[in-house]
Amino acid sequence: MKYGYFDTAVDEYVITRPDVPVSWTNYLGTKNLCTVLSHTGGGYSYYKSAQQGRITRFRPNGVPLDRPGHYVYLRDDADGDFWSVSWQPVGKPIDGPDAAQYTTRHGMGYTRFESSYKGIDASQTVFIPLDDDVELWDTRVTNTSEEVREITVGSYVEFSFHTITIDNQNLQMSLYSSGSSYADGVIEYDFFYEPWTFHFFTSSQEPSSYDTLRDSFIGPYRSETNPIAIERGHGSNTSATTQNHCGSLQHKITLAPGETKRLVYMLGYGSRDAVGRTIQAKYTDLATVDAELARLRGYWQAKQAKLSIKTPHEGMNTMINTWTLLQAETCVQWSRFASFVEVGGRNGLGYRDTAQDVMSVIHTNPVKTRQRIVELLRAQVSSGYGLHLFDPVVFDPDAEKLPDIPSPTIVPTPSMDDLIHGLEDTCSDDHLWLVSSIVEFVKETGDVAFLDEVIPYADGKPATVYDHLKAALDFSAAQVGPNGVALGLRADWNDCLNLGGGETSLVTFLHAWAIQAFLELARPLGRTEDVARYEAELARIADVADTQLWDGDWWIRGYTRDGVKIGSNDNDEGKIFLEHQAWPVIAGITSQERGEASMNAVRELLGSEYGSHLNWPAFTKVDDTIGFVTRVYPGIKENAAIFSHPNAWPIIAEAMLGRGDEAVAFYDSVLPYNQNDNIEVRGAEPYAYAQFIYGRDHEWYGKAQNPWLTGTAGWMYTAATKYILGVRLSLDGLIVDPSIPTAWDGFEMRREWRGAVYQIEVRNPGHVSTGVVSVTVDGVEHPAGEPIPARPAGSEVAVVVTLG
């Protein structure tokens, strides 16, 4: 069944049938305030941290789905019938003679709910302005009937104690240390033990009644579906300290036939006096609301303009120009711990996740990606490895220090030594992703001076960024097993492949890739001693790959601590793994023949209509020398599911091998866009990548799980733009080297780089996949295969590339 469609004219996904199998979400916010919002109005908001800055409550994995949320109710005062602008929480029937109509439009940075019921049309546009820590609900109610209508408009959010673990586990603290009050149309929610923390809820008009206590609004033995305050048409007008708190304002409006009235609700961070009244005054001006929404849309349009494509592949155009960019930016901005799956139970940044995420959107968000890179550098220890999960605030000397107020809850303060884990808890791959991220940052921005900036390690030793890079490479060079292959340590990218004292081919290949990236800087910078040293290490790795890791048709995954091969045709289970097969090609340490053979094996043994499986055959016997993966159900997550993240890497390898048809076939197999009419199977959003898809060994084969916060988005963006379309960078030049399907006549790309705009046209008259035969720059012949030198900021550069 089809539940919605892509409206590319306005960059929205439009949900026309709200009873989708699972929540389809959007992310709002660009700086401090974030809202995760479902297509039915469910979700939650937080300030800076989903774990320590929660504003509204959410019940994950709850029944009913998506409760509570950010709701607007409408009540017909003539007969007492009531409904919500979003389909939930009231949930009016969507079929039958008295059905209501509901539409949700997820856009870039906003979501709009629309309803039509009993001669009343209504909409609720939710967004967070660029410069204010407030969520706005621009609500419009229109009378489409021929009679005057008396309508009560009621709003509702349920406040959360700001630390989500306390909110969930310590009711003695959360229920008794917060309170609410009402004055001048502004509800304030306070934290008595922490007098610097407040939230507020207000509106653009004086309400007729209010509620600040959840149980007064909802009533006993009821839910958000049938709250007593909405049923009776007025709130209790009471506030209190302690218990569960909410923000609800009700407004009585009269609508003549054809008349529209507009209300703006405001949910924000800060106290009534310091922030709430100012925000209320500002956004009571409806012209300001319109202007801020326009600014927000302009903000995202400017990002989209940094790189936009026009190809014969409509799905690629739609996803790359809008949705994959948005998802990749979301992962950089909000990391991994704020979704409907990860709901704030952890805090901080994952090292490998963040290091990979930043690579994809440096061109659209150089400020945030630089911030993330600095945070990663601070969380690298002087011996070279990264702290797998860390709170960047701990290592930030400029972080805001909260007042030291005694608390009745005794929580020991960890020492810095406790926060810096040893080798036994180190993942063998984390630090290597950082190398390429920094190289990509320097190539994108031209900020070579960044390499000389001094940023201390987590254990306090000062070092330049360049030295951080060498420390990362040197750590991997030192952590090598008896076969010359990288030690697996706690785990590598595959967290469930816990090799302990074993060896991992993936990290061996990633080490080579990181060295190649490093050399892209070291060579032009004239660091000859470093070039010689790391070229020698690269040669060693290439020899190890050839002699120790090739299994005849694909690359083995490594060795257990007992020296047993895994990921080999000699194994009964787990004969082949996906995540490492592409990396010898990407790292440039193997031949065309072996590259093609390994990709053919991936296609034949791991491939499917929904993407490539992580391993085959699935593990059914527990073997702890291999790892926790053998304790996972077959077809789920790391045990033979279609893990989306590494599905990007064969795309890159195939493109580098010059096999554009195969590259796009891999891309298409996992592309959410292609599942828009298969939602009964997929379940999850067709506009966002999910962490994994159930594999063929599971009865739910094809079902997508854990959408949005996955490194898949950034890697798919990179695979499509830099390798299929082939537009990537050197330190001082732009490279156009596509690998496209033979059926394509060509494509166009607009690429902004260092202030200049490159209008790139690729022509494919001979219908080949790859092979640049001519390049013109502003009509002048340019040597094929050579980078196009960077042009001054403000330049408009016309590039025409012909394949043949």
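Predicted model: local features only at pLDDT ≥ 70, side-chain atom pairs only at ≥ 80, totals over all residues.
1. Look at strands E22, E23, E24 and E25. They form an open sheet, in that order. The pairing is antiparallel.

2. **The edges.** Which strands stand at the edges? They are E22 (487-489) and E25 (565-566). Each has a single partner strand, so one side of each is left without a neighbour in the sheet.

3. **One pairing in detail.** E22 pairs with E23 (residues 500-504) over two bridges, in the antiparallel sense. Find Leu-489 first. Its bridge partner in E23 is Gly-500.

4. **A helix across the sheet.** Helix H13 spans residues 505-522. H13 lies across E23 and strand E24 (558-559). The angle between H13 and E23 is about 55°.

5. **The length of H16.** Helix H16 has 15 residues, 592-606. At 1.5 Å a residue, H16 should span 21 Å. Its end C-alpha atoms are 20 Å apart, which agrees.

6. The buried residues of H16 are Gly-595, Ser-598, Met-599, Ala-601, Val-602 and Leu-606. Seen down the helix axis, they fall within an arc of 150°, so they line one face of H16. An α-helix has 3.6 residues a turn, so residues three or four places apart point the same way. The face of H16 turned away from the buried side carries Glu-593 and Glu-604, which are exposed.

7. **What H16 packs against.** Which elements meet the buried residues of H16? Two are strands: E26 (576-577) and E27 (615-616). The others are helices: H15 (583-586), H17 (648-656) and H18 (660-670).

Definitions and conventions: Residues numbered from 1 in each chain as written. Heavy atoms only, no water. Pairing = 2+ DSSP bridges. Helix = DSSP H or I, 4+ residues; strand = E, 2+ residues; numbered from the N terminus. Contact = heavy atoms within 4.5 Å. Axes fitted to C-alpha atoms, helices over the stretch in contact; angles between N-to-C directions. Expected span 1.5 Å × (residues − 1). Buried < 20%, exposed > 50% of the residue type's maximum accessible area, 1.4 Å probe, protein only. Arc of directions from axis to C-beta.
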